[in-house]
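Here is a short briefing for a first look. It takes up a pocket and then an interface.

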Amino acid sequence: MANHALVAVPSTDWARLERRGLVNRTGLLTAVIVFLTVVSMPLLLPYLWLAVKSFTTSDDRIGHLVLWRVGLIAVLAYAGALILALSTARLRHPALLWFALAAVVVLLTAVFVLPHLTLANYRFLWHRDIGETGTSRQDLMPSVWAALTSSLLLAVAQTTLVMLTATPAAYALSRFAFAGRENLLRGLLLLHAFPALALTVAIFVQLHYMGLLNALPGVVLVMSALELPFAIFILKGFFDTVPWDIEMSALTDGATRSQVFRLIVLPQVRGGLIAVATFTFLRGWEEYVFVQTLLIDKSQMTMSLYLFYVAQDSMGADYGMVAAVGMVYLLPVLILYVFTQKYITQMNFGGIKG
Amino acid sequence: MARITLENVSKSWGETQVLQPMNLEIAEGEFVALLGPSGCGKSTTLFLLAGLYAPTGGTIAFDGHSVNRIDTRDRNVGIVFQSYALYPNLTVRQNIAFPLRFKSMPRDEAARRVTEAANLVQIGALLDRRPAQLSGGQQQRVALARALVKEPNVLLLDEPLSNLDATLRTAMRAELKSLQKRLGITTLIVTHDQIEATTMADRVICMNAGAIAQIGSPADLYRRPNDLFVAGFIGSPPMNRLTATASDRRAQIGTTTLALSAGHDGDITLGIRPEDIALVAPEAARLVGEVAVIEPMGREVFYTLSTSAGALNVLEHGETARHALGDRVGLTCKPGLPLVFDEQGRRIADLSVDLSPVALVSAGQLEPQS
């Protein structure tokens with residue numbers, strides 16, 4: 001009866017706990033934002049440098065000025081965006097404020113940065129005589145459009161070849177039981193892990209005897225062969241996720257095996273096909289070592305080689321132009337990523353399954 | 001619609017024989033259930049009929065014509081998989097229309113049949129959705145419509161209800177049954193759920209370890225199981241088993257001796273369903289047990305009794321228990337029960353054990369002694 005006073009229950013200080021929770025949450029959020037910001041800086045700065053450099057004259061003073069100003073505007077924009085994002089819930093017209101921030105950034109850029117910019121570095125897009133030295137390097141350097149075309153041709157041809165070969169191969173590996181299937185899968189992994197550079201000389205000699213040296217098709221064949229194991233392995237993982245039931249169902253519905261493959265199975269691995277095709281395309285687009293080795297005379301120069309030769313100048317490299325070429329080289333990749341990133345992020349690496 | 005005949009059909013994967021040679025006749029328009037535990041070969045049988053597997057031996061015939069050499073796609077079977085196997089890249093309408101793509105059929109005729117099949121399973125309003133946007137029950141209906149739209153020779157259902165929740169399963173069971181009767185399609189359903197099999201099918205084929213254990217009407221399997229496997233598989237809660245030793249016309253069960261209806265020697269198993277046992281006063285029965293567990297289940301009370309022969313389950317009608325824990329009760333049942341199985345587990349048809357109530361000398365003996 002009288003024992004309610006025996007155990008002194010400490011009254012809970014709810015207000016203190018609430019404050020502690022708040023501090024914990026804000027602390028964590030701050031830590032995460034600071035960490036991510038610091039880590040992204042070294043990743044993003046080169047792109048900023050590239051963009052600024054490509055639009056300024058080779059005068060270092062102006063280059064630095066613009067770089068600093070752009071950097072400051074970027075920091076400003078980032079801080080503004082951060083504040084807006086964190087307080088969206090409390091604002092009455094968040095969209096309006098976002099718009100205002102964008103307007104401020106555009107205005108600042110227009111006033112402080114725009115007057116110092118020039119398109120001169122991009123003259124290679126319409127002049128073949130990029131050194132402006134008369135005709136001396138014209139014979140060596142093809143037009144950038146030819147280089148772009150070569151790169152595109154290489155990447156597209158490689159992607160087509162790889163996809164046409166890897167898709168049925170991956171399907172067969174995923175679906176059919178045959179002798180040596182396990183070993184084939186292990187071999188694929190090994191092939192992918194093998195340092196392809198070690199093969200350069202052998203490939204060079206082989207292409208010479210095949211008469212494919214110094215020709216784009218030769219490079220395409222070599223690159224495709226090197227890309228195939230990876231593509232097959234990834235695609236097999238995608239085919240593995242398509243249930244057997246669905247194929248059996250389509251068979252009983254009256255479809256042939258090839259109709260089942262085309263109408264039912266392929267649409268379900270579309271994401272995987274797009275992701276693998278994107279990777280293969282980018283591998284071809286960025287390739288430097290094999291095009292450098294296997295295309296001896298530079299008439300069929302790809303963009304990677306073009307960039308290399310623009311940087312190779314006895315008078316010292318024109319970094320503005322190198323940056324501009326880099327921008328042109330980068331642009332198609334960015335555009336491609338915008339369209340395919342949603343599929344690439346879905347990509348998962350399925351292990352070897354029996 | 002077709003009559004289906006299986007003649008010595010067997011299936012092996014390499015060395016493993018998953019299906020013993022099997023003979024089966026399914027009449028036109030009949031609803032047959034293949035019932036058995038997982039791995040007993042019932043799905044294999046289904047896939048053999050669909051042509052997805054080729055039989056190792058024997059002949060499968062539709063309407064008397066062997067279909068062994070007919071491709072899956074030409075057999076015109078409708079199949080509903082456990083996973084429904086809808087095509088995720090197609091809309092419901094395209095899913096249902098898929099089988100018609102491979103038949104030369106005018107476009108408006110195909111569209112009419114799709115609508116008809118969709119209305120039949122009441123999904124007419126969902127035609128433009130994708131399978132991922134449907135609930136499990138709706139997906140099941142789409143799968144059914146897709147199987148029905150081609151007017152199949154035979155409808156094969158592979159565990160179609162096992163992915164549905166309990167309420168929906170009961171509703172779909174009734175609906176499938178009435179649909180099958182209305183359309184008159186020869187239907188084979190594969191299930192491991194004895195309730196599904198007995199409630200829907202005209203005939204149940206009970207399978208065990210790749211062979212047919214018994215074919216019969218649900219009542220046959222329930223009342224006259226061929227062996228202990230069928231006896232144990234059908235019925236919930238399962239049949240009680242008591243091991244006993246028979247010599248001449250007596251059976252020794254624990255400490256109790258009971259009379260046999262005919263002479264028999266050797267070990268026997270007695271089988272009796274929990275609902276066939278009547279609990280009476282201990283003096284009025286030949287077998288006596290003690291109440292060990294009481295589980296009220298609403299409509300019935302489920303007792304576990306311990307007897308000298310082992311534990312026994314008893315299901316008694318009534319909302320509250322009539323007996324208390326530790327009570328001694330007598331167990332009796334109707335003449336003809338329990339069933340008697342021999343050492344190999346086969347039922348001995350004309351043999352029974354007498355568990356009938358004791359004919360008391362006078363009514364006075366039943367009076368409670370106070």
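This is a predicted model. By class, the lining of its largest pocket has twelve nonpolar residues, three polar ones and no charged ones. Chain A and chain B bury about 1,700 Å² between them.

**The largest pocket**

- The space in the largest pocket is about 520 Å³.
- Its lining is made of 15 residues.
- Nearest the pocket centre lie Met41(A), Leu45(A), Leu48(A), Ala74(A) and Val75(A).
- Two elements of chain A each give two or more residues to this lining: helix 1 (14-54) and helix 2 (60-86).
- Helix 1 of chain A supplies the largest share, eight residues.

**The interface of chain A and chain B**

- Chain A brings 16 residues to the contact, and chain B brings 21.
- Carbon and sulfur atoms give 65% of the buried area.
- Met248(A), Thr252(A) and Asp253(A) account for 36% of the area that chain A buries against chain B, more than any other three residues.

- Two salt bridges are counted between chain A and chain B.
- In a salt bridge, the side chain of Asp253(A) meets that of Arg146(B), at 3.7 Å from N to O.

**The side of chain A that touches chain B**

- Helix 8 (244-252) and helix 9 (257-268) of chain A are the elements that give two or more residues to this side.
- Helix 8 of chain A gives the most, with seven residues.
- By class, this side has eight nonpolar, six polar and two charged residues.

How values were computed: Residues are numbered from 1 along each chain as its sequence is written. Chains are lettered from A and ligands numbered from 1 in the order in which they are written. This is a predicted model: local features need pLDDT of at least 70, side-chain atom pairs count only at pLDDT 80 or more; totals for chains, interfaces and linings use all residues. Side-chain values use heavy atoms; hydrogens and water are left out. On a 1 Å grid over the protein atoms alone, a cavity is a set of points where a 1.4 Å probe fits but cannot get out, and a pocket is an open set with protein on both sides within 12 Å along at least five of seven lines; lining residues have an atom within 4 Å of a point. Grid points are joined across faces, edges and corners, and a volume is the space filled by probe spheres set on the points. Helices (H or I, at least four residues) and strands (E, at least two) are DSSP runs, numbered from the N terminus. Ala, Val, Leu, Ile, Met, Phe, Trp, Tyr, Cys and Pro count as nonpolar, Asp, Glu, Lys and Arg as charged, and the others, Gly among them, as polar. Contact means heavy atoms within 4.5 Å. Buried area is the accessible area (1.4 Å probe) that two parts lose on being put together, summed over both. A salt bridge is a side-chain nitrogen of Lys or Arg within 4 Å of a carboxyl oxygen of Asp or Glu.
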